[in-house]
Amino acid sequence: MSQQVRAVVARSKGAPVSLETIVVPDPGPGEAVVQVQACGVCHTDLHYREGGISDDFPFLLGHEAAGIVEAVGDDVTDVAPGDFVILNWRAVCGQCRACLRGRPWYCFATHNAGQRMTLTGGTSRTKSGGGTELSPALGIGAFAEKTLVAAGQCTKVDRRASAAAAGLLGCGVMAGIGAALNTGNVGRGDSVAVIGCGGVGAAAVLGSNLAGAARVIAVDIDDRKLENARRLGATHTVNSKETDAVDAVRELTGGFGADVVIEAVGRPETYQQAFYARDLAGTVVLVGVPTPEMKLELPLLDVFGRGGALKSSWYGDCLPSRDFPMLIDLYMQGRLDLDAFVTETIALDEVEKAFERMHHGDVLRSVVLL
């Protein structure tokens, strides 16, 4: 039987979000209903609200979440009611060309729940006999007391973990850690530079430190973010508003440049910094998300002559079933400080204020507790 719960909805482009009553249907085949315990406020949610991802309003926001499985549909075997899970937006299909080649972290056919959650009442884009259909952010929609997802979007982890910390692996923190561990293949003794030290960049610093990098250089224009990066394992910091970032990284690496440079901003000018701040045959990892109109111009001879690899990191090239339990185990052992990313905990009706604090760079993460 469907149930009504409270949720945060973006009804139109750029308008403040509102707390609404939504209808969550019973899970169908391959689906699960999850009682959300915590959900981080991510920049992607703000992009949805601003219409930067699509215009398929109204959106049910929130995607960086953890909670308890309440019910599952037919044919669900990997999770069961009562399991503590992290939600993910990469429910791998197992059948596409990437999965069949043994690279499921590149799955080209990830899936979401087949049913839609709805607003109570409404007349536009409605189901027969139902309310207005909602578009869940990244197929999740977790700024809600409960949400309906594909069962493959649920990854079971140690239930003793803090929901506020664990949920952050569902997006930004995993993107940053994975950019270092999975995409950049940072190894023991490497030098790493991270350009942009918001939530994702700070996580890349943490991931580089976890991988055993000998030198982790954090680059940003905000001293508060640089201080956070130092607490998470940066050995050096560079304020690029005061110092040329490329010159500084080279100076800190014997004049050569870093083995791996992770660009966590997503802008042409910072990508160019990353390109020239790496050593010969080094690796650049783009994990910052650019906007459609951005263009990049580099001398092709430099691309050839400097060698190495230019990579993009999608979701930290993570495989949730592999990476989430491993990282939660490290967290439980005290070896991975996920709690450091939780700047504040807020109520469901405070998401709009959290967007404002995010815009001003006041937080690594605001986390909604339910």
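**A strand and its surroundings**

Mentor: Let's start with strand E11, residues 191-195: five of its five residues are buried, so the strand is largely enclosed by the rest of the structure. Buried here means under 20% relative accessible area, while exposed is over 50% and partly exposed lies in between, using a 1.4 Å probe and protein chains only. Helices (H or I, at least four residues) and strands (E, at least two) are DSSP runs, numbered from the N terminus. Keep in mind that this is a predicted model: local features need pLDDT of at least 70, side-chain atom pairs count only at pLDDT 80 or more, and totals for chains, interfaces and linings use all residues. Residues are numbered from 1 along each chain as its sequence is written, and side-chain values use heavy atoms, with hydrogens and water left out.

Look at the two faces of E11. Ser191, Ala193 and Ile195 are buried on one side, and Val192 and Val194 are buried on the other, so both faces are covered.

Now for the neighbours. Two strands pair if DSSP finds at least two bridges between them. E11 runs parallel to strand E12 (residues 215-220), with five bridges joining the two. Strand E14 (residues 258-263) also pairs with E11 in the parallel sense, this time over four bridges.

Next, find Ile262. Leaving aside residues up to four places away in sequence, Ile262 touches Val192, Ala193, Val194 and Ile195, among others; contact means heavy atoms within 4.5 Å. Its list of contacts also includes Ala179, Ala180, Ala204, Ser208, Val285 and Val287.

Ile262 and Phe341 have the most contacts inside the largest nonpolar core, which has 53 residues. Such a core is a set of buried Ala, Val, Leu, Ile, Met, Phe, Trp, Tyr and Cys residues joined through side-chain atoms within 4.5 Å. Helix H4 (residues 172-183) gives the largest share of this core, six residues. There is also a second, separate core of 33 residues, and it includes Val8, Val17, Phe59 and Ala142.

H4 deserves a look of its own. Ten of its twelve residues are buried, so H4 is largely enclosed by the rest of the structure too. Among the buried ones are Gly172, Val173, Met174, Ala179, Ala180 and Thr183. What covers the buried residues of H4 includes H5 and E14, along with strand E5 (64-72), strand E15 (278-286), E16 and H10. After H4 comes Asn185, whose phi is positive, near 50 degrees.

So, back to your strand: E11 has both faces covered, pairs with E12 over five bridges and with E14 over four, and has residues touched by Ile262.
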